[in-house]
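Open the structure in your viewer and keep the selection panel at hand. The tour goes stop by stop: select, look, move on.

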Amino acid sequence: MTRPLAAWCRRLLMTLAGSLCLLLATGPASAGVMTREQLQALFPSPLMLGERDAALPVWPVFKQEATATVLVAYVFESIDLAPVPGFSGTPLNLLVALDAQGSFMDVRVLSHHEPVFLDGLGPAPLFRFVEQYRGLSLKQSIKVGSEHGRASRTNSANVTIDGVAKATASVRIVNQSLLAASLKVARAKLGYAAGRDPELVGRVRTDRADTLGWQGLLAAGLVQHVRLPRRDVAQAFAGTVGEDMADAGPEAYMDFWLAHLGVPSAGRSLLGDSGWRHLQSRLDTGDHALLVVARGDDSFIGEAFVRGAVPDRLGLRQGDLPLELRDLDLDDPLALPPELNGAESKVFRVYGAAGLDPSQPLAFRFRVTRSKGIVYPERVSRDFTLPFALPAAYVTAPEGDAKSWRSIWAARAAELGVLGAALLLLALMLARPAWLVRSPRRLAWGRNAFLGFTLVFVGWHAQGQLSIVNLTALLQALRAGHSLGFFLYDPVTLVLWGFVAFTLVVWGRGTFCGWLCPFGALQDLVSQLAARLKLPRWRLHRRVDARLKRVKYAVLGLLVGSALFAPAWTDTLVEVEPFKTAVTLGFVRAWPYVAWAAALTALSAFVYKGYCRYLCPLGAGLAVLGLARRWAWIARRTECGTPCQTCRHRCDYQAIRPDGAVHYAECFQCLDCVAIHDDPARCAPLIAQARGGRRIVPIHPIAQPTRGAPA
């Protein structure tokens, strides 16, 4: 390499280093924990901040009303209750104020490490996103839509809030973190479904709507008869002031008939079509309607019962979870048999947010109270359990704990289908390259077409740029003991990583770096454009090239160390990677980041894919992981390197050593050397053979599985 060229390279590297230092000057992001003084400032008089709960990290907020102190809300930080890792591997932290009815008074972002909101789109879109939760309730099903969809609040049961373009997966993680933390508080403090997400329960089947008579309903188990024997009541009150009261009479103290009217076969059969439609209009999505019919010596609602209220004599539990029964005040006639004319009946609502699982058994609690005395009566009560369980044929089992990522995968099914077809095509091309490499023109067109697909579809459209952030997030999550479930929120990235993991074993790093990296594709296309414009391309001396290639391993080591020992710095250090600026955000970002990404892109016009070869920490990581490659898949001959140097001189990546061995850690699988190897017009040994020279001895990949392994 000439001295002017060496000096130019030094100046270029100094310029790039200066730009990187400008990025690092922003410093690490820090997160703090709210103090009592800070929280009190957010809830000034007449509100009062109570003492932090000893069992749950929440602060109650009260308000003085006359002589009473009324609970207004609970305030908490999401990281204390649901530390869901984001795409940096670090959980974001939200300050949440949840009122006594389960509605969001306020939601604010305290800290986050989401790459796309760190000097990418900036934090403003994230702040606007969380503002949408104000006024929404945990009793509603809150879903995240697209940025351009209209937020829907017209249905009290279902709410769709606007997402953020280019940050779909991140805002869904925000949504999951907020709802998971809030539900924990609601379960513990507001009587919501203890330990169960209301959306992760079994479902009543709506595809069966048989019309059955009373006996048919009993036979199918849709109406269940439960008898409370008089002797059980007598035994329960033995030795109390209620002993011997009403113990004489028929064998049955009370007879109950229980049904779930949300099951179409039960609801339509008991209410008729008109009554069924009326019932559905009264219920929100996820709510349950339970029918209780009783006849006997007592009443399950009592004389003081108020319509629309919660009965004090009848309760409901599912396991350890108490469920509120509230009178639905339904007047539609029931199709009861003649013997139950005049029987007491009520239809009760259980709100969907309570978490009732219709696929699991229920236990009604009927309370019998007896008293003795007139002026100051002595009362004693006993509870009796009335079991009820829907037949398995009328319910579906819970889907598990990943509803949110499942919906994302379903919504992106078309994109995943296109990506899957492209990956299959790529695998076939690389496994059987003979047809592709037979013609240099065909190889060039085929490769450029796939690079265009990678840049436009995988990168800019599907946002599938793999990044070193994925690896640092993995390390940080493992170190902190967090779940890796956050990867499921980005299906395109996860599918790509699965394919790359497979190809690392088969071919090494080259499959991703040479074919599937959008920024790599951008550099490749820029380099080809520069060649057409006849711009100079500098090929570094192999010793300089070899030394510069070690730099990316140093960058990788710095990032790995930061992820493990100084996570606060990782968000800034990963900006050495221009992928977020060039691909995720399309160069729409603050000028230092755009300058850095543009400089690296322009560098490829003069030094072929200089960033990939010398700086890319992801490429370095894949090169290390590529040591798992099981064989040298590029065929060689004994003449390769001695004397033939054609492939080495034609390799733009300088991944072929003078002795002809392929350095797979630096091979980008462009197939140029494979094409030359099989081309009788370009391969020197084949040309010599055709001219009557000595016989060519091929070296097959499987015969020498370790030749060309990374030094």
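**Stop 1: the cysteines**

Start with cysteine 640, which is buried at a relative accessible area of 10%. Keep in mind that this is a predicted model. Now show the sulfur of cysteine 640: the closest cysteine sulfur belongs to cysteine 647, 6.0 Å away and too far for a bond.

A disulfide needs the two sulfur atoms within 2.5 Å. Searching the whole structure turns up zero disulfides.

**Stop 2: strand 4**

Select residues 93–99, which make up strand 4. Seven of the seven residues are buried, so the strand is largely enclosed by the rest of the structure. Show the side chains. Asn93, Leu95, Ala97 and Asp99 point one way, while Leu94, Val96 and Leu98 point the other way.

Next, bring in the neighbours. Strand 3 (residues 68–77) runs antiparallel to strand 4, joined by five bridges. Find glutamate 77: its bridge partner is leucine 95. Strand 5 (residues 104–111) is also antiparallel to strand 4, over six bridges. Here asparagine 93 has serine 111 as its bridge partner. Strands 4 and 5 form a hairpin with four residues between them. Click on glycine 102 in that turn: its phi is positive, about 90°.

**Stop 3: helix 14**

Select residues 491–506, the 16 residues of helix 14. At 1.5 Å a residue the helix should span 22 Å, and the end C-alpha atoms are 23 Å apart, which agrees. Color the buried positions, among them Trp497, Phe499 and Leu504. Finish at glycine 508, which follows the helix and has a positive phi near 100°.

Conventions. Residues are numbered from 1 along each chain as its sequence is written. This is a predicted model: local features need pLDDT of at least 70, side-chain atom pairs count only at pLDDT 80 or more; totals for chains, interfaces and linings use all residues. Side-chain values use heavy atoms; hydrogens and water are left out. Helices (H or I, at least four residues) and strands (E, at least two) are DSSP runs, numbered from the N terminus. The expected span of a helix is 1.5 Å times one less than its number of residues. Buried means under 20% relative accessible area, exposed over 50%, partly exposed in between (1.4 Å probe, protein chains only). Two strands pair if DSSP finds at least two bridges between them.
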